[in-house]
Amino acid sequence: MRPLRNPVIQSALAWLLSCWLRFCYATIRWEHRNQALAEGVWKQGGGVLVVFWHSRTSLGPYSWPLDRAQPIKGVISRSVDGEFVAKAVSRLGIPAVRGSTANRDKGEVDKGGTQALRDGLRQLKTAALCITPDGPRGPVRSMAEGLPLMAKLSKVPVLFIGLSCNPAIRLNSWDRSLLPMPFGKGAVIWDLDTFPEGGDLSDVADRWREKTTALEAEADALTGLERI
C-alpha cells in the first residue's frame with residue numbers, strides 16, 4: 001500500500017511539508033517584480049483568479065500574504081496525491097476546492113470538475129481562487145479552456161504569477177515539481193489581465209499559456225534555476 005493512502009501517515013507528512021515550506025519561505029532571499037499590480041488587487045479586494053504552473057505549487061503560498069490579501073482557496077484534484085497537497089497547503093492558510101476538469105482532447109470523464117466550477121465561481125464572488133491550469137496530470141505547461149471560461153463567467157481579474165527558487169529539489173513527478181531548499185534565492189513576478197470582451201476561449205487560453213510560461217521563465221532567470 002502506498003504510504004500516502006494511509007490517513008495517519010498522510011497527515012503527518014503533510015504537517016512536515018508545511019513546516020518545511022514555512023522554514024524555506026522565511027530563509028530564502030526573495031526578489032519581487034511588478035508587486036504593485038498584486039498590491040492593487042489585494043487592496044481592492046473581491047474576486048480574483050490566481051494562476052501559476054503546477055510545478056510551482058510548493059511556492060504558491062508564499063506569493064499570497066494572508067495578512068493583507070483577500071482570502072484564497074486552491075483548486076486541487078480529488079486524487080490521493082491531491083488530498084496530501086490539500087492537507088499541506090491548508091496548514092499554510094489555503095483551503096481547497098476539490099475537483100479537476102476533464103481534458104476533452106483525451107476523452108476523459110469529469111472528475112468533480114462541474115462541482116469545482118460551481119464552488120469556484122461562488123468563491124470568486126468575494127475572494128481569490130488559485131488554479132494551476134496544467135494540473136493535475138498535464139501535459140506540462142498546457143492550458144485548456146477551463147481557466148478562460150471561469151474568468152469569462154466570473155468577470156474577475158486574473159493575476160498571473162511566475163515563481164522560482166534555487167537551489168531546489170525536482171521531484172520525480174510528471175511535471176518535475178519543485179521542492180524548495182532553505183537559504184537560497186527566490187523570485188516572484190506578477191502580471192494582470194482580464195478576459196477580453198467577445199474573446200475566443202481557445203485564443204485566450206493560448207495567450208495566457210504563453211504569458212504564464214514567460215513569467216515562470218523570467219523568474220527562473222532571476223534565480224538561475226535550470227529550465228526543464
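Tutor: We will go through helix packing, a pocket, a loop contact and some backbone features. Keep in mind that this is a predicted model.

Student: How is a pair of packed helices described?

Tutor: Two packed helices are described by the angle between their axes and the distance between the axes. Take α1 (7-27) and α3 (residues 80-90): their axes come within 8 Å and cross at roughly 45°.

Student: Which word describes how α1 and α3 lie to each other?

Tutor: The word is oblique, because angles of 65 to 115 degrees are needed for roughly perpendicular and angles under 35 degrees for roughly parallel. The crossing of α1 past α3 is right-handed.

Student: Which residues make that contact?

Tutor: From α1 come Pro7, Gln10, Ser11, Leu13, Ala14, Leu17 and Ser18, and from α3 come Val80, Glu83, Phe84, Lys87 and Ala88. Sorted by class, the residues of this α1 and α3 contact are seven nonpolar, three polar and two charged.

Student: At what angle do α5 and α6 cross?

Tutor: Helix α5 (146-154) and helix α6 (residues 201-223) cross at roughly 110°, with axes that come within 8 Å. Therefore α5 is roughly perpendicular to α6. The crossing of α5 and α6 is right-handed. On the α5 side the contact is made by Leu147, Pro148, Leu149, Ala151 and Lys152; on the α6 side, by Leu201, Val204, Ala205 and Trp208. Eight residues of the α5 and α6 contact are nonpolar, none is polar and one is charged.

Student: Next, the empty space. How is that found?

Tutor: Rolling a probe the size of a water molecule over the atoms shows where empty space is left. Here, the second largest pocket has a volume of about 300 Å³.

Student: Which residues lie nearest the centre of the second largest pocket?

Tutor: They are Pro61, Tyr62, Ser63, Trp64 and Pro65, out of 15 lining residues. Two elements, α1 (7-27) and α2 (35-44), each give two or more residues to that lining. By class, the lining of the second largest pocket holds 10 nonpolar, three polar and two charged residues.

Student: How do I read a residue that sits in a loop?

Tutor: Ask where it lies in the chain, then what it touches. Histidine 54 is in the loop between β2 (48-51) and β3 (72-76). Apart from neighbours within four places in sequence, histidine 54 contacts Thr132, Asp134, Gly135, Pro136, Trp174, Asp175 and Ser177.

Student: Which peptide bonds here are cis?

Tutor: Read omega at the bond. Between glycine 138 and proline 139 the bond is cis, with omega near 5°. Proline 139 is placed in the loop between β5 (128-131) and α5. Asparagine 166 and proline 167 are also joined by a cis peptide bond, with omega about 10°. Proline 167 belongs to strand β6 (residues 158-170).

Student: What is the phi of asparagine 34?

Tutor: Phi of asparagine 34 is near 60°, a positive value in a residue other than glycine. Asparagine 34 lies in the loop that runs between β1 (29-33) and α2.

Methods. Residues are numbered from 1 along each chain as its sequence is written. This is a predicted model: local features need pLDDT of at least 70, side-chain atom pairs count only at pLDDT 80 or more; totals for chains, interfaces and linings use all residues. Side-chain values use heavy atoms; hydrogens and water are left out. On a 1 Å grid over the protein atoms alone, a cavity is a set of points where a 1.4 Å probe fits but cannot get out, and a pocket is an open set with protein on both sides within 12 Å along at least five of seven lines; lining residues have an atom within 4 Å of a point. Grid points are joined across faces, edges and corners, and a volume is the space filled by probe spheres set on the points. Helices (H or I, at least four residues) and strands (E, at least two) are DSSP runs, numbered from the N terminus. Ala, Val, Leu, Ile, Met, Phe, Trp, Tyr, Cys and Pro count as nonpolar, Asp, Glu, Lys and Arg as charged, and the others, Gly among them, as polar. Axes are lines fitted to C-alpha atoms, for helices over the stretch in contact, and angles run from 0 to 180 degrees between N-to-C directions. Angles under 35 degrees count as roughly parallel, over 145 as roughly antiparallel, 65 to 115 as roughly perpendicular and the rest as oblique. A crossing is left-handed if the near helix is turned anticlockwise from the far one by less than a right angle, and right-handed if clockwise. Contact means heavy atoms within 4.5 Å.
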